[in-house]
Amino acid sequence: MAADRILAVDMGTSSVRAMVVMGGRPGPVARRSVAVALDGSGLGTLDGDAYQGALVQCLDDLDARGALNGVSLVATSGQWHSVVPANGRGEALGPVVTWFDVRPAAPPGATGPVDPEAFHRRTGTWWHRMYWTVRLPWLRAQLGQRVRFLGLPELVLTSLLGEMPMSVSMASGTGLLDLAHLRWDDEACALAGVRPGELPDLAPAHWRGRLLPGYANRWPSLRNIPWMPPTGDGAASNFGSGCEDERRAAVTVGTSAAVRIVQDAAPGATLPPLPWSLWRYRVDHDRIVTGAAYSAGGNLFKWARTVLRLPEESELEAELDRVEPGKGVWADPRLGGDRPPGTAAHGAGELRGIGFTTSAVQIWAGLMDGVCRLVARDLAELETTRTTASGYADVVLAGRAVATSAWWRRAFRAALAPRTITEVGEPEVGALGAARVALSSR
């Protein structure tokens, strides 16, 4: 396995990346940015055709460099929670609704699960606008026609492979999967109003896909090379950060931010305890990932730098040296609203403790500190779910956004003390993690 050359594709929210992983280590990479459509209504959508085109450009780029030569396997990771209506041929009938989108609402008079706590234990989720239990009825009402529902990875990969059943990892992000028994949950499907033929088939553990002839001709090095079912982006990021068991918690700051641990969980096994404030999804048929996620991360970093007109990096860091993490401006960083189980709409952010002497740099520090505070709160809850380890978890801090600011990394260290903190400099932890999941599951 050490000599394996794996093509790892990461279908993220703000970009598509393709990286060749050699012996478990990062190699040549290609990336293309993608634009999420946002507006004041809470909309957050992607153009599926443009997204698929961005992925094709990445593979064209690697192929032109000869980087695809010798690839023996293709592994993918993709964003959880996305949904797109499609026809029977797997073609999109509208834009991809991403996790950014806070417009979906439950139908009038709908009451949710009979036993919310039991539902949460089974599916790892809540009856919430993030999940298909709420999104499918809302989308169906918008369309007024019979459709199939796919996630972004299924939409994109169907165009390349001709068929793409949904992996248990991607299915767990819909909120419709019984996590222990790896099947669609009856109550969740009833809440979603699921009709026959509307959901993708679930991929068996050893499913493998192959490129359609047209794409096999375009990239001859990938002809007859197997494609593995996608891994959810958060789970892949844990593996890319080296957090493959419950001894280490991954704190990842990409477009959004999250804290997670991975645990073994064979099909049918009793799952570890799950506090109400945490979600749980599947890595694959043999492992689960538990954690919390936030709508603020690299997107908040980018927004604040632009709106506050902050100085360039070296000058900014020099000014931040005078700001003590955890002191000064208090901020609620939920500008994009809550990720579940919270229900705050976009625009829920707050600033407190500012005056005429408060600088833009101090406001920025308060916003970044707010993210650290949320992570610290939920990491303490997450540590209670571990069954083979006790005390504080070691923490691995990763992600392109946090890597750009020494002060933000210092703020995380202060908020997460006294835990041991390790930093990972590799920015493509999602793609690298997809390859490592593939290596560990073969």
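Two strands count as paired if DSSP finds at least two bridges between them. Also keep in mind that this is a predicted model.

In general, strands of a sheet pair through backbone hydrogen bonds, either parallel or antiparallel. Here three strands form an open sheet in the order β4-β5-β8, and the pairing is antiparallel. Which strands sit at the edges? They are β4, residues 37-38, and β8, residues 96-97, and each of them pairs on one side only. Strand β5 covers residues 44-46 and is joined to β8 by two bridges. If you want a place to look, find L46: the residue opposite L46 is V96 in β8.

Next, strand β6, residues 73-78. Is β6 buried or exposed? Six of its six residues are buried, so the strand is largely enclosed by the rest of the structure. For this count, buried means under 20% relative accessible area.

As a general point, in a regular strand the side chains alternate between the two faces of the sheet. In β6, L73, A75 and S77 point one way, while V74, T76 and G78 point the other way, and all are buried.

What does β6 pair with? One partner is strand β1, residues 5-11, which runs parallel to β6 and is joined to it by six bridges. Another is strand β12, residues 231-232, also paired in the parallel sense, over two bridges. G78 is the bridge partner of M11, and in β12 the bridge partner of G78 is G232.

Now the whole chain. It contains 14 helices and 20 strands. The C-alpha trace spans about 65 × 55 × 45 Å along its principal axes. A compact globule of 442 residues would have a radius of gyration near 22 Å, and the chain has 21 Å, which agrees. Buried residues make up 58% of the chain. Of the contacts with a separation of 6 or more, 71% are between residues 24 or more positions apart.

Last, surface and charge. The accessible surface comes to about 17,300 Å², and 51% of it belongs to carbon and sulfur atoms. There are 45 positive and 45 negative charges, and their mean positions are 2 Å apart.

That is the end of my part.

Conventions
Residues are numbered from 1 along each chain as its sequence is written. This is a predicted model: local features need pLDDT of at least 70, side-chain atom pairs count only at pLDDT 80 or more; totals for chains, interfaces and linings use all residues. Side-chain values use heavy atoms; hydrogens and water are left out. Helices (H or I, at least four residues) and strands (E, at least two) are DSSP runs, numbered from the N terminus. Buried means under 20% relative accessible area, exposed over 50%, partly exposed in between (1.4 Å probe, protein chains only). The radius of gyration is taken over C-alpha atoms; the globule rule is 2.2 Å times the number of residues to the power 0.38. Contact means heavy atoms within 4.5 Å. Accessible areas come from the Shrake-Rupley method with a 1.4 Å probe; for residues, only the protein chains shown count as cover. Lys and Arg count as positive and Asp and Glu as negative; His and the chain ends are not counted. The place of a charge is taken as NZ of Lys, CZ of Arg, CG of Asp or CD of Glu.
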